[in-house]
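User: I am new to this structure and would like a short tour. Could we begin with the overall layout?

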Amino acid sequence: MSGPRRAGYDCARAVCALTVALFHYGTTCEALGLHGFSDKLIAYPGGTWGELASLVFLMLSGAALTCGYPAGHFTLRRFYQKRFLSLYPLYYLAYALAALWLFFYFPGYFNAATPASLLLSALGMDGYFSYRCAGSYILGEWFLGAIVLLYLLYPLLAWALENKFARAVVSAVLPLASVLVIRHGWFGIYYGIYGLHNLWLCAFCFWYGMLLEKAHARFVRLNRLLPLAGAALLAVTVFVPLGINPFYTMLAGAAGAFPALTGLGDALQPCRRLTAALRWIGRQSYALLLVHHVLFQQGLVRLFGSFAPTPLACLLGLCAALALARALNALYSVLRRAMRPKEVFHE
């Protein structure tokens, strides 16, 4: 990614990462029976903030891959190797540290683990399939499993994006499948999974991001109109009680939020300090996704019993999560450099 789109992506990534973390702070407080300010972090009239941000993340992932790996400009081996390295090493490090913490401080946490659940954990799919197989799921969220599956599908979707007939078919099938999933719970292979986590809906959001990135590259005039239209759509779905299925309002809100946030990031480029801050948070986003649940649910709750649902406590919790995410990234960088083969010079 290069040029102004990098700033737009950083803005969307940073805002969504913080939104997801704040959402889970609120849900943790709710699970403890603590109500107050944190309630506002969970839901709005048309849906929930965490799910809205997760859908935008899926769109961002599709757009970023389309920008960085256009069809015909990458090999399957290189693509999957890069995707593996972008996800799993940091995930394994975070999982190992979290597992050690739980093993020593909370014995018995993994008593319900089974070979199947451990295999899913090794693949990063335990959160996605937790509705069928639980026992060793401690971090990563359902979102990680969805991203793994979408990365596997990306080369096929990238080809479809450049083929007019295939693009039309995919653009028709994915929305239709998403509607059938929401309204009728179709496609029994995914029976039992929560609606917005269903692969059909995730693939639809991912594909939408790919389409918007392609439109951005081809239709320059849209680059000014889409952020404004997206902001208007987001405002309607967030502030106006529409009285329809919240899945539809969250999908519509995410469809508006993605171009609105990327457009905002592009517009903020002259503000160098703010752009640098958003870029820094964006770089911590994956580590933040991995660690914030463990910090809120297993760390603060178990160590201190509870934490007040006040704006100050929320801010401190968010800062702690960001600090932990940064520390995880720093540790991973140190280990990666230490394990890198050293060059041997011969005279």
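User: What pattern does the protein follow, read along the sequence?
Analyst: The pattern is α-β-β-α-α-α-α-α-α-α-α-α-α, made up of 11 helices and two strands. Helices (H or I, at least four residues) and strands (E, at least two) are DSSP runs, numbered from the N terminus. This is a predicted model, in which local features need pLDDT of at least 70 and side-chain atom pairs count only at pLDDT 80 or more, while totals for chains, interfaces and linings use all residues. Residues are numbered from 1 along each chain as its sequence is written, and side-chain values use heavy atoms, with hydrogens and water left out.

User: What share of the residues is buried?
Analyst: Buried residues make up 50% of the 347 residues. Buried means under 20% relative accessible area, exposed over 50%, and partly exposed in between (1.4 Å probe, protein chains only).

User: Which residues touch the most other members of the largest nonpolar core?
Analyst: They are Leu-58, Leu-139 and Tyr-154, in a core of 100 residues. Helix α5 (residues 141–162) gives the most to this core, with 13 residues. A nonpolar core is a set of buried Ala, Val, Leu, Ile, Met, Phe, Trp, Tyr and Cys residues joined through side-chain atoms within 4.5 Å.

User: Is helix α2 mostly covered or mostly open?
Analyst: Helix α2 is mostly covered, as 17 of its 20 residues are buried. This helix, residues 49–68, reaches 28 Å from its first C-alpha to its last, close to the 28 Å expected at 1.5 Å a residue. The expected span is 1.5 Å times one less than the number of residues.

User: Changing topic, where is Phe-103, and is it buried or exposed?
Analyst: Phe-103 is found in helix α3 and is exposed, because its relative accessible area is 53%. Phe-103 is also one of the residues in a nonpolar surface patch. Helix α3 gives the most to that patch, with five residues.

User: Last one: how far apart are Gln-297 and Thr-28?
Analyst: They are 269 residues apart in sequence and 6.5 Å apart in space, C-alpha to C-alpha. Gln-297 lies in helix α10 (residues 272–304) and counts as partly exposed because its relative accessibility is 34%.

Definitions and conventions:
Patch = residues over 30% accessible without salt bridge, like charges linked within 9 Å, V, L, I, M, F, W, Y side chains within 5 Å. Areas by Shrake-Rupley, 256 points an atom, 1.4 Å probe, with all protein chains shown as cover. Salt bridge = Lys/Arg side-chain N within 4 Å of Asp/Glu carboxyl O.
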